[in-house]
Amino acid sequence: MRVAVSILFFVNGLIVGSWAPLVPELAARHDLSEAQMGLMILALGFGSLIIMPFSGALIARVGALPVLRVVGPICALAIVPIVAAPSAVLLAISLIVFGGIIGSTDIAMNANAVVVERRRKRAIMSSCHGFWSLGGLTGAVCGGFLIDWWGPMGQALIITTLAFLLVLAVIRYLAPDLPPADDIKPRFRLTFAPMPYVLGLVALFSMVPEGAILDWGALYLRQDLGADVSYSGLAFGAVAATMALMRFVGDAVRQRFGSVATVRYSAVIAALGLVIAALAATPTMAIVGFALSGIGIANLVPVVFSAAGNLPGLPAGVGISIATCMGYSGILLAPALIGFVAEYNGFSAAFLGLAVLFVIVFLSASTVSHADIGGLEPAAGE
């Protein structure tokens with residue numbers, strides 16, 4: 001069960017990471033400025049905001065597993081239509097669909113990870129997100145080289161084939177959903193309790209900078225700092241690498257320091273890394289800054305999602321769906337605004353502004369205290 005959901009996290013990260021090195025290529029092919037490419041990314045976020053709330057409500061009603069069985073294979077195929085789009089209009093439509101598919105898969109696999117946590121009575125969320133980061137690293141780093149060697153369509157077909165085969169191999173082994181508590185009846189609507197939405201805001205502020213690096217890091221390195229196409233993919237690749245490393249030890253870190261302290265320390269490190277990247281004079285220094293930021297970003301979202309899945313009085317699917325939806329609306333939607341900021345003030349100013357969001361996360365750390373309850377303890381030997 002744990003291996004299966006971890007591989008789905010890897011596949012989702014692989015597809016998202018493969019999108020990063022395509023941004024400069026698509027901008028050049030369709031002759032799009034930073035602001036116009038920002039609108040394209042806005043279309044991606046728009047798709048997520050349309051589809052993700054319905055996916056979250058559906059998961060709360062029927063469970064994560066039935067949803068994953070549908071959206072998992074589709075997610076593996078999602079990048080090909082983007083590369084194949086012959087016009088800017090069709091590119092925008094493809095990105096709307098892409099955003100919805102990626103977001104829906106993310107909600108479902110996070111909900112399934114909470115199910116595995118509860119069944120096994122131990123924390124696994126950080127390591128699952130570590131596999132997502134490993135997938136993102138693979139997609140971002142390999143993507144630039146694959147584009148150099150075989151072009152954007154060759155890259156898309158190779159990544160799609162690998163992702164689809166992985167999904168088919170593990171989808172039958174995903175954890176079945178837990179039955180609802182006797183006093184909670186699944187309903188096709190979400191709660192009005194405030195705490196899931198508060199945690200959703202913390203997730204959003206944690207994920208907006210990550211999304212900005214994903215969508216704009218490569219262009220920042222190429223346009224502002226003079227990096228070549230293969231090197232530019234290392235912007236998000238550096239973040240994905242350090243995030244992966246930290247997430248594989250994140251469950252132990254959370255157990256050692258507690259969720260609140262983990263979030264506070266992480267927010268400080270993430271902000272410092274963004275400042276270094278924003279003020280960098282060379283591509284290498286910017287990559288170092290992004291890598292440091294990834295160390296801080298790594299365990300923010302897993303802790304928030306674990307807290308949302310263990311809120312008292314709510315089924316795990318409801319809390320995790322709201323927090324995931326709001327968080328991923330940040331990684332998909334808000335970075336579109338960076339394009340407009342960068343066009344008039346430059347990417348350096350944009351990344352400096354994003355560091356302020358981690359100050360808000362630092363001040364909100366006490367809201368994740370529920371991640372420390374629910375009988376979840378990391379255990380050795382697995």
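This is a predicted model: local features need pLDDT of at least 70, side-chain atom pairs count only at pLDDT 80 or more; totals for chains, interfaces and linings use all residues.
Residues are numbered from 1 along each chain as its sequence is written, and side-chain values use heavy atoms, with hydrogens and water left out.

**Exercise 1. Overall build**

Work out which secondary structure the protein has and how its radius of gyration compares with the globule rule.

- Step 1: Count the elements. There are 17 helices and 0 strands, taken as DSSP runs (helices: H or I, at least four residues; strands: E, at least two) and numbered from the N terminus.
- Step 2: Check the radius of gyration. It is 19 Å, close to the 21 Å that the globule rule gives for 382 residues, so the protein is as compact as a globular protein of that length. The radius is taken over C-alpha atoms, and the rule is 2.2 Å times the number of residues to the power 0.38.
- Step 3: Along its principal axes, the C-alpha trace covers about 60 × 40 × 40 Å.

**Exercise 2. Helix 2 and its neighbours**

Find the buried residues of helix 2 and the helices they pack against.

- Step 1: Set the cut-offs. Buried means under 20% relative accessible area, exposed over 50%, partly exposed in between (1.4 Å probe, protein chains only).
- Step 2: Go through residues 22–29. L22, V23, P24, L26 and A27 are the buried ones.
- Step 3: Look for contacts (heavy atoms within 4.5 Å). The partners include helix 1 (2–19), helix 3 (34–62) and helix 7 (125–170).
- Step 4: Look just past the helix end. There, D31 takes a positive phi of about 55°.

**Exercise 3. The core**

Identify the residues with the most contacts inside the largest nonpolar core.

- Step 1: Define it. A nonpolar core is a set of buried Ala, Val, Leu, Ile, Met, Phe, Trp, Tyr and Cys residues joined through side-chain atoms within 4.5 Å.
- Step 2: Helix 6 gives the most to the core, with 14 residues.
- Step 3: Zoom in on F351. Leaving out residues up to four places away in sequence, F351 touches A212, I213, Y220, L274, A278 and F290.

**Exercise 4. One serine**

Is S104 buried or exposed?

- Step 1: S104 sits in helix 6.
- Step 2: Apply the cut-off. With 3% relative accessibility, S104 counts as buried.
- Step 3: List its neighbours. Beyond four places in sequence, S104 touches I51, M52, S55 and V71.
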